[in-house]
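Student: Please take one part of this model and walk me through it closely. Keep it brisk.

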Amino acid sequence: EQRFRSGANAVQHVESGYCSGCLGKDNARGQIYEFAKRQQAMNRYISDAPRLTYGGSEYSNNSGVVPDFPYQCPDCNKAFRQLSQLLQHQDNKHSNSSLMLNL
């Protein structure tokens, strides 16, 4: 059991690949990306997610490949390779820690 100071720190721990259940960095990054894509509240932070929904259909990218910079700040459009980087950016640059509350 490990405790973290922030949601960004917890996500960073998983993305680093040090979490025993994640089986390496690439697998961990892919799992976090797939989880984030399934969260409707995350659509505005996923760079390739549609900004509009059509008839209630969900966003789905079944390619199985994580884009190089899949996350994007909706406030300044800066792109990020890891979700933890976006979370830290939101906290530090936009004083916005509400992203983790929506997950």
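Tutor: At 53% relative accessibility, Asn 77 counts as exposed, because exposed means over 50% and buried under 20%, with partly exposed in between (1.4 Å probe, protein chains only). This is a predicted model, where local features need pLDDT of at least 70, side-chain atom pairs count only at pLDDT 80 or more, and totals for chains, interfaces and linings use all residues. Residues are numbered from 1 along each chain as its sequence is written, and side-chain values use heavy atoms, leaving out hydrogens and water.

Asn 77 sits in the loop between β1 (71-72) and β2 (79-80). Strands are DSSP runs of E, at least two residues; helices are runs of H or I, at least four, and both are numbered from the N terminus. Asn 77 is not a glycine, yet its phi is positive, about 65°. Most residues other than glycine have a negative phi.

Cys 76 and Lys 78 are both in contact with His 89; contact means heavy atoms within 4.5 Å. Leaving aside neighbours within four places in sequence, His 89 also touches Cys 73, Phe 80 and His 94. His 89 belongs to helix α3 (residues 83-93). His 89 counts as buried, at 10% relative accessibility.
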